[in-house]
Amino acid sequence: MERKDMLKKNKSLENTTALVTGGAGFIGSHLTRALVKKGYRVKVLDNISRNVNCVQDLRTDEAIKFVKGDICDLPLLLQTMKGIDYVFHQASVCLRRCNAFPKEAIEVILNGSHNVFYAAVHEKVKKVIYASTSSVYGEPEYLPIDEKHPTNPATPYGATKLCVDHFAQFMAHKSGLKFVCLRYFNVYGANQSTDAYYTSVVNVFIKRVLARTPPIIEGSGGQSLISLMSQMWFVPILWHWRVTQRTRFSMLDTVRDVRLRLSLS
Ligand SMILES: NC(=O)c1ccc[n+]([C@@H]2O[C@H](COP(=O)([O-])OP(=O)(O)OC[C@H]3O[C@@H](n4cnc5c(N)ncnc54)[C@H](O)[C@@H]3O)[C@@H](O)[C@H]2O)c1
């Protein structure tokens, strides 16, 4: 559906604005397209440190303003956030890079996220929807992991993300920040960079299925960890729901899904 048709259908979104930090990334770019489809006016703020290949359409779409910049740059963030209703904060250093350069985790995840929250309060943003991670839980003590599961992050990535979860709470109490924190598990889908740490297992499945060799699953295949990138997946992000996913999606389900999507039996 064209944006103007969408707006006719949903008048209330006509002047709704969203900022997607990390909007050139895997999840951020899907999210940006989904927001535009819903009728939002979207700004993307991304330093283009990853994934530049598949976002050309975002740069030319008139409903999107593309700002090349860094969340560590507070004056730029304050400027970019003017007039924004909702911030979808996705910009981050990935887990593997944080292991190699822990200081980047502190600089980008901690300091950058603090900037995002600070600017959001300053510019009276209605809500920040922040991408946290299942890495805050560390090694699972039981499955499926729920929100009551103890948090024992075992990496600089998980530790800084957890710190940001708590920091958002602090800023909510102190300064009235409105936020929801979504702890994504393993997400995979179209346009994902193939070196993505989280999904290496899925990428290996895809490569093997395309090569018509059987995917190798360790154990029974019943282990659950994977979330699927689909239209449905975005519903909680778009509507800022705090959800606990109760449906288990196993390794075997993942292989079946990969085969189905590649139209192989
Ligand atoms: N993909 C997953 O399975 C998964 C799982 C759990 C949590 N997450 C979280 O979801 C969010 C999105 O993940 P993704 O898979 O799309 O990652 P991604 O690496 O594809 O996208 C991140 C984007 O952030 C940008 N970026 C990095 N540092 C920046 C900075 N300092 N300033 C501005 N932009 C910057 C990068 O250029 C990139 O476009 C991240 O916060 C990630 O931690 C992802």
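Which helices and strands each supply at least two residues of the shell around the ligand? They are helix 2 (26-38), helix 6 (102-122), strand 5 (127-133) and strand 7 (186-188). The model is predicted: local features need pLDDT of at least 70, side-chain atom pairs count only at pLDDT 80 or more, and totals for chains, interfaces and linings use all residues. Residues are numbered from 1 along each chain as its sequence is written.

**View 1. The shell around the ligand.** Gly22, Gly25, Phe26, Ile27 and Ser92 come nearest among the 29 residues around the ligand (C-beta atom, placed from the backbone, within 6 Å of it). Helix 2 gives the most, three residues (helices are DSSP runs of H or I, at least four residues, and strands runs of E, at least two, numbered from the N terminus). The shell has 14 nonpolar, twelve polar and three charged residues (Ala, Val, Leu, Ile, Met, Phe, Trp, Tyr, Cys and Pro count as nonpolar, Asp, Glu, Lys and Arg as charged, and the others, Gly among them, as polar).

**View 2. Valine 67 in strand 3.** Strand 3 (residues 64-68) holds valine 67. Valine 67 is partly exposed because 16 other C-beta atoms lie within 10 Å (20 or more would be buried, 12 or fewer exposed; C-beta atoms are placed from the backbone). Leaving aside neighbours within four places in sequence, valine 67 is in contact with Lys43, Val44, Leu45 and Thr80 (C-beta atoms, placed from the backbone, within 7 Å).

**View 3. Valine 67 and lysine 43.** The C-alpha atoms of these two residues are separated by 7.2 Å. Along the chain, valine 67 and lysine 43 are 24 residues apart.

Key
Two residues are in contact if their C-beta atoms, placed from the backbone, lie within 7 Å.
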